[in-house]
Amino acid sequence: MVRPRRPSLVEDIASQPGFESSSSQENSKFGALFADSYLLQKLEALSVELQKNKDNVEMPKYDLSSQPTSKSSVDDNDPYITYRKYIQQLDDSIEGFQKVVQKTEEVNGKLGDGLDQFVNISKRADGFVDETREIHEKRDKLEAQNRLVPEQLKYFEALDPIIRRLNHATSPSIVRKESFKNMMVKIDNSLEYLHEHSDFKEAETYRIKFKQCLIRCCDLIVHHLNSIVNRICTEITDGLQNNKEISETTREVLLYNKFASISEEYTSEIKCIIERRHMSTYTRYRDELDSLLNECYNHYFQARKSLLDSIIKNKLNEIYKSEEHIQTRKFISAEKDFFQQLAENEYHLFVKFFPGPESKERGNKWLIQLCDPFYDSVKAKLLRENDILTIRDCILLFTQYYEFEEDYEEYENIFKDVYYDKLFEPVLQKLQSRLIFRAQKYIDEAIVKYKPPKGAPMITNRKTSAKLESEEEMVGIYIDDLKKSEVISLPETESEEDATDIILSTYYIPIIRALALLSTIYEMINTVVFDDLAHHVVRDCLVSIGEAFNLLTSGDDVNLVEYSLSYLRNLLFLRDQLQTFNIQYTVNETFLDFSAVGSLFRRSSSNLVREELPKPDMGRRNSQRILSAARNLIPKLVVNTVDSGSELVEALRFAIRSFTDRASKILTQDYMKISDIEIEDILGDNVKLRTSIDTNLPRVVQLIHDYISDDEIVENLLDALKEAIQIQYQNYYDELNNLVENGKVENGKVLEVMYPDTFSEYLATSIKKEVEILENK
């Protein structure tokens, strides 16, 4: 920064107030001074330089000494002495200033050199920092690794102490120590670390060794748990043996309360295995851990079974002793109640030893094994039970456990602890199998082999000798249900026995037995099995009633129309009753077809096989024929789809046709038959036809109403009968017209015969009249 110059003499002179108007004396003194043009120029130049100095601009160097001066001595009387002195002072100042400027330039140059050196030093320092930064970063990294090495090395260094301790572990009681638990924590941490850093050198080797240590620790836990279970079992067994007349309450205390006293210690140890089994790090070790856990389960189950065997055996013997005085249902119910309570007690004890959700599944499987004596005793009892109703009642003891499927919320609410549906499923299966077997046996004996009593009609509206066997309580219950329902209409009777006799005489006994059987076992067995059984029942009933109907209608009995109506009524009754069971009539029947083998034997007997045997010189063709013959001898698996519903419909159609044929024959007699003898009396036959219809139609209509109670079916039967007679009359009339055309009958005789339309109207009117008469009665 340039320092401002101090006020100069020139400025001082120029700033004087009397500079422009002074006294005449002064004007005369300085007038000549300002009249000098040379001095004026110098002053102007000096004034400009001073102004520049004020603006901080470096003052140019003026060498005033170069101006010509007089070297002569200054005269004191010289008028320019003041000026010359001033000039002298200026020269001295300029010289000083020049020295200062020169020194300043020297200093400035030195400062520039120093700054350049500093810049060079700064650049060299930056280069040094750049060169040392990478080294510094490597150093920091190495220091961090140096700090981490001991921390990471501890996962590997822990192996040797653990192996030494496990090698010297001779007693399972070591698992009780806190140091053992800390050792397992170290194993867990090391295995987890090795799992996350599998890329380390020899990581797999260390992992295998730590896994072996883990399995060894868990094995020690298992042995310890088994030992405490053995100890408590020994104490309980000794207590039971020393007190043979022990009370029920004391036995319960020993079996459950005393046994549960070790549950807390057992649970705390078994959790070590269960928790590690569910750890994601130990997924690859799950098989080994499951094996150890299963060993604990099995040992526990064996210990409990050894304690309970005698209790179960004594209870079953107690029930067996009273077997002669109780029914099968009471026998099964007593055992069911005992094992149900036993299962509940054992489950609650089990979950005290084995916590966790998987314990519920494992505990229920163990309870199923515990109930094996129950299953065996039920099986032995059922082998001697033949009554279908009794078996059905036994099944009803267990149906409460199968109301809901597993996926429903109600199922979880019912079976929170013990899965009773799984527990009693083997018993239910045995009961259902026995029920199906007895049902098939009953179908074979009571339906397939049934023969109507000799000399007795199949079905009438009167009391017959048809009676039920004394052991057919099932049919009696079904008949009682029919009496209470509105399915059939019964006349008023004095006693229940009379009503039963009416039902037995009204409907075909095998059909009643079949429906009684289906109603008894309905919803007691699997739906598919029930449908298949019902299908065969329907087919057997159709075959049985069809054979009985053919037997009764083989002669010229006057009751053929009644038999047809009875046949139809039974089929309608069967159809209506089957609708309540929602049966799938279509089933697949699978069997082996041995017809090819039979054909081979038949051809062998006729010496045809020998002719078709391949000759030795026919080569490949002979081989193909041999293979083809061998394939034809293989029995074929044939699957036939049979629809019993369609068979029932076809039987109904046949019954309707049978009725219409026989009823129309009664109404028309032989008056629509044309023979050479009756040609002459065509008109008389026509009159007799109407007379026969008027005479027999009331009886036929009455029979229809007696056998069929459904008004719609009655109307359809009458329509079918009317249509059948109309078709017969139309054919009769067409035949008469053909005889007229052939000249065998005179046209006048045919004209006297009633036209088909007139006959149809007459027949419809007659039927309507008879129906109204019956309705008005």
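Predicted model: local features only at pLDDT ≥ 70, side-chain atom pairs only at ≥ 80, totals over all residues.
**Overall make-up**

The protein has 777 residues, and 37% of them count as buried. Its secondary structure comprises 30 helices and 2 strands.

**Aromatic pairs**

A pair of aromatic rings is described by the distance of the centres and the angle of the planes. The structure holds 41 such pairs. Two of them are set out here.

| Pair | Centre distance | Plane angle | Class |
|---|---|---|---|
| Tyr450 and Tyr508 | 5.6 Å | 80 degrees | edge-to-face |
| Tyr729 and Tyr732 | 5.9 Å | 50 degrees | tilted |

Take Tyr450 and Tyr508. Their planes stand at 80 degrees. Edge-to-face needs an angle over 60 degrees, so this pair is edge-to-face.

Tyr729 and Tyr732 are both buried.

Aromatic residues also gather in a group. One aromatic cluster is formed by Phe259, Tyr266, Tyr297, Tyr300, Phe301, Phe350, Phe353, Phe354 and Trp366.

**Charges over rings**

Which residue has its charged end over the ring of Tyr256? Arg304 does, at 5.2 Å from the ring centre. In another case, Lys381 lies over the face of Phe331, and the distance to the ring centre is 5.4 Å.

**Packing of H12 and H13**

Two packed helices are described by the angle between their axes and the distance between the axes. Helix H12 (residues 358-370) packs against helix H13 (residues 372-382) at an angle of about 40 degrees, and the axes are 5 Å apart. That angle makes H12 oblique to H13. From H12, the contact uses Ile368, Gln369 and Leu370. From H13, it uses Asp372, Pro373 and Tyr375. By type, the residues of this contact divide into 4 nonpolar, 1 polar and 1 charged.

Asp188 lies in helix H6 (residues 178-196). Is Asp188 buried or exposed? Asp188 counts as buried, with 11% relative accessibility. Which residues does Asp188 contact, leaving aside its neighbours within four places in sequence? They are Leu214, Arg276 and Tyr282.

Thr281 is found in a loop, between helix H9 (263-277) and helix H10 (286-321). Its relative accessible area is 14%, so Thr281 is buried. Leaving aside its neighbours within four places in sequence, Thr281 is in contact with Leu191, Glu192 and His195.

Conventions:
Residues numbered from 1 in each chain as written. Heavy atoms only, no water. Phe/Tyr/Trp six-rings, centres within 6.5 Å; stacked < 30°, edge-to-face > 60°. Buried < 20%, exposed > 50% of the residue type's maximum accessible area, 1.4 Å probe, protein only. Lys NZ or Arg CZ within 6 Å of the ring centre and 35° of its normal. Axes fitted to C-alpha atoms, helices over the stretch in contact; angles between N-to-C directions. Helix = DSSP H or I, 4+ residues; strand = E, 2+ residues; numbered from the N terminus. Parallel < 35°, antiparallel > 145°, perpendicular 65-115°, else oblique. Contact = heavy atoms within 4.5 Å. Nonpolar A, V, L, I, M, F, W, Y, C, P; charged D, E, K, R; others polar.
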